[in-house]
Amino acid sequence: MNRLAASLLALLSLTAPALAACSGTALTETLTAEQRAAVDARLAETPYPQGNHWRATRGDAVVHLIGTMHLTDPRLDGPAGRLRPVIEGADLLLVEMASPEKQEFEAAMKGRPEMVVLSEGSLPDMMAEADWQALSAAMETRGLPPFVGARMQPWLISMLMAIPPCLDPTTATEDGMDIRLESFAVEAGVPVRSLEPHETAFRIFNETPMAVQLSMVRSTLVGPKVAEDLFETMMHAYFTENHAEIFVAIEVLTPEISPLTEAENDEVTAMMQDRLLAERNHRWLPVILQAVEDMQGPVVAAFGAGHLSGEEGVLRLLEREGFTLERQAF
């Protein structure tokens, strides 16, 4: 098992085959009038659906909330440069996983193969033959040998397959907004802490029922064109600061693009929204509040932009704690 896990890590670190530039279309830009109306109606009921940079104040306490994107993109140069003074003027930067925790995460993957590798069985045993063949083809287009992917945890495969074939997975996250902001803090001597232990996401995924994990895998079997469109939809939403729009738009479009049944889609959506977003937001809140209490000056909390909006989003949670929220330049 240890040898298999080591082989998996080695394979994932290899340079993938040459990949073409992504050329997808943002699906939010091609909605029908009826679909647009449905999306807008949902967004009107969503707290804080826009804005990647917010300032929360309560008395003398100041917290900057920055929605990040974990992927590399040259369009990050502008907002990252504008946010640099905010980081340099802070007493503390909180991120999802600071560099020391990332090192622990990598060590855990090597030392605990059960985190990423199935303890028994394989994906071909768990999936219909047609679905496994489609998944095998999708793996190959991303430079992942099917015989390796067959032993991986389904949730991890679903994450890898969510990266479109046009994007090199070996460089996809090497220079995202989180990494840039942490580097600014280190250079300025600003302390950096993690919002959560490194094993949090692994624990959530591994607690997810296998049937839901397999549905997550099947949800990615949409073909390269749709995969690119979904990717561009996410990127467009981020750079236009419409982070809530992607969730609502995908839900509206799901009947057209998803290979899952309505019930399967509901299970996957609930898992993502309840466990990966809402649950973690609530766990982050006391960390942010404690940091505000401990520090004399401003605190910056930077995390995936999808955690900002909604009734259980970080902004709404802070509002309930008596903070006043003001949108800032991004």
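Predicted model: local features only at pLDDT ≥ 70, side-chain atom pairs only at ≥ 80, totals over all residues.
**Exercise 1.** Find the disulfide and work out which parts of the chain the pair links.

*Solution.* Start with the count: the structure holds 1 disulfide. Its partners are cysteine 22 and cysteine 166, with sulfur atoms 2.0 Å apart. Cysteine 22 sits in the loop between helix H1 (2–13) and helix H2 (33–44), while cysteine 166 sits in the loop between helix H8 (154–161) and helix H9 (177–188).

**Exercise 2.** Sort cysteine 22, cysteine 166 and arginine 82 into buried, partly exposed or exposed.

*Solution.* You'll need the cut-offs: buried is under 20% relative accessible area and exposed is over 50%. Cysteine 166 comes in at 9%, so call it buried. Cysteine 22 has 29%, so it counts as partly exposed. Arginine 82 reaches 54%, so it is exposed.

**Exercise 3.** Describe the second largest pocket and its lining.

*Solution.* First, the volume: about 410 Å³. Then count the lining, which has 19 residues; Thr46, Gln273, Ser309, Gly310 and Glu311 lie nearest the centre. By type, the lining splits into 6 nonpolar, 7 polar and 6 charged residues. Finally, check the helices: H13 (243–257) and H14 (262–294) each supply at least two lining residues, and H14 gives the largest share, with 5.

How values were computed: Residues numbered from 1 in each chain as written. Heavy atoms only, no water. Disulfide = S-S within 2.5 Å. Helix = DSSP H or I, 4+ residues; strand = E, 2+ residues; numbered from the N terminus. Buried < 20%, exposed > 50% of the residue type's maximum accessible area, 1.4 Å probe, protein only. 1 Å grid on protein atoms, 1.4 Å probe; cavity = no way out; pocket = protein on both sides within 12 Å on 5 of 7 lines; lining within 4 Å. Points joined across faces, edges and corners; volume = space filled by probe spheres on them. Nonpolar A, V, L, I, M, F, W, Y, C, P; charged D, E, K, R; others polar.
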